[in-house]
Amino acid sequence: MINESYYLIAFASTHAALRAEAFFKAHRITMKLIPLPAVISAGCGFAIKLAIGEVQAALPLLKHATFEAAQFYQIKKEKGETIADSWVI
Amino acid sequence: MFKIDAMGDVCPLPVIKARKALKEHAQIFITVDNEISTQNLSKMATQLGLPVEVGKESATSYRVYIGAGDKAVEVAPSARVATDDYVVVINAQTMGVGDDQLGYALLKGFTYSLAEQDTLPSHVLLYNGGVHLSVEGSEVLDDLNALVTAGVEILSCGACLDFYGLTEKLAVGEVTNMYRIVELMSQHHVVRP
Amino acid sequence: MSKKDLIICGGCNAKIGPGNLSKLLNNLPKQQNEQLLVGFDSSDDAAVVQLSEDLALVQTLDFFPAMVSDPYLFGKIAAANALSDVYAMGGEVISALNIVCFPEQDDLAILGEILRGGAEKVAEAGAILAGGHSIHDAQAKYGLSVTGKVHPKRIWQNNAPQNGDCLVLTKALGVGIVTTGYSVGEIGEEAFTKAVASMEMLNKTAAEVAKTFTVHSCTDVTGFGLLGHLSEMLNGKLSAELNVKNIPVLPGAYDGAKEFLITAGGQRNRNHLAGKVTFTFDDFAFEELMFDPQTSGGLLFSVPEAELEAFLADLEKNAVTASFIGRITGKQAFEIIVND
């Protein structure tokens, strides 16, 4: 498996995740709404996957955000294993 | 890239299948279940002057890429394999019945997760509203392209593309008809979002 | 494929690779017994036990899955192959027992045909067929346990050639490639018939002729291919130079190898001999033939040069196809050098 690394924003609710998707889309941030990886939570939920290169553009927008971002993670995939580190902004 | 499933085949069958395919396709990849077969395929490719790359998935699963160009090299590291275990049918732009916005988000989550599976389907069949996923502007094209790279065939219903006026916009996979859809669904375990 | 046909799964091609096997065998405790003249420590597949000053018992056992779909032919080939181990020792066959694996649900008439073919070959060899054992198994397999005798002073070791010896091979190479190619419809009837005729031929006459000459070493060429068995014969002590033009090849085999009708067994043999063999010419198809596993192959003799001509002439007189394929030399960088 290809090694991969990206940032992830998790949300308190599905509604918040959907609002976040719409918000980033409106601001032309390249991101993807994905199911919350099991490594973070076994529960069902959505998260926004941000490429590392998009973080600089996305972060300043957050203060105008109309959604409540809950947690931030850095996800690394190495040799098929997924590791999630909390990421403090 | 033309795909050949030679799992369970003993030598020289994988080599014969690969040789036949190479007469019509510039690039092929072939799945085999033993290392000796990969060595015999490599010997053949070398004799034919073709680049060859072998990827090991497990002790009983190997992928051999044969043919010109960089693509073989580019997709070789993928651990994910298209299998004959199941097909996926997507017949709408939503997953489940209820709120459409939620249903659409769920469907996007479904295709993302599908592309992340270790055991991939042989085919993804798209019909009715599902054909919106395989056309220009779709938000899941990257997932579907990843599936194609791993050897999964994406088939969109031709009548449906025509109905929605999307025939010219197909961006991934091939067009199929109802006979093929029925055939594939009747022969495989069917997974639906 | 009709219901009366056997599923084809390789003959000697089905053997466990030589590398894997010798690792296991090296770990087994070695029997020290003065009566055991030849055991598996010399990579021989027969055991020779001395019974008296002028008599030793030769015991061998060989069986495998079908390499042809006709059960009668399979029986003949498997029996000829098993009997060959005694001939390769310089022995005479006395008696044989059947070893049978057969699927419970299959037509017993098929088994009858296999046994008929085997019995005919045992009779041709002049040995007594004295029963055997059969068990149910998913796939049909057949062979013989053969008992023979040999004078303890006249055993042909398979690993004792001498520097300067000439190598003589009976039968032509390529049965693995031809039978496999035929089973997938890529090789024609004519070539297949010739391969079958070669496989079912006993090594009896060749061995009988050789007994009237000096034989330093002899082995039968089977699963490990010509180069694999030659490498065993050289035993890490000597080298051999082969001349490719003299190596006999079955019709259809060379073209089959060119079309990549190559076997798993051949590749296992190639892997096993990595670094030991060098080809001084570029001919992939011929390389494959030299590694090709031979079901019921010929005998490979290492004989002194002085007797070579008479030996070849005598073999020819007795209608044994034989060729002078190369020479034993002192140890070189490569164990086997194949020249064109």
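Mentor: We start with the interface of chain B and chain A, then turn to chain C. This is a predicted model, with local features needing pLDDT of at least 70 and side-chain atom pairs pLDDT 80 or more, while totals for chains, interfaces and linings use all residues. Residues are numbered from 1 along each chain as written, chains are lettered from A and ligands numbered from 1 in written order, and side-chain values use heavy atoms, without hydrogens and water.
Trainee: How many residues does each chain bring to the contact?
Mentor: Chain B brings 17 and chain A 13, with contact meaning heavy atoms within 4.5 Å.
Trainee: And what area is buried between them?
Mentor: About 1200 Å², 57% of it from carbon and sulfur atoms. That is accessible area (1.4 Å probe) lost on putting the two parts together, summed over both. B:Ala105, B:Lys108 and B:Tyr112 supply 36% of what chain B buries against chain A, more than any other three residues.
Trainee: How many salt bridges between chain B and chain A?
Mentor: Four. One joins the side chains of A:Lys32 and B:Asp142, at 3.2 Å, N to O. The rule wants a Lys or Arg side-chain nitrogen within 4 Å of an Asp or Glu carboxyl oxygen.
Trainee: Which strand pairs with E5(C)?
Mentor: E4(C), residues 92–102, in the parallel sense over seven bridges. Pairing takes at least two DSSP bridges. C:Ile99 stands opposite C:His133 in E5(C).

Key
A polar contact is a pair of N or O atoms within 3.5 Å; within protein, one must be able to donate a hydrogen and the other to accept it, and residues adjacent in sequence count only if both atoms are side-chain atoms. Helices (H or I, at least four residues) and strands (E, at least two) are DSSP runs, numbered from the N terminus.
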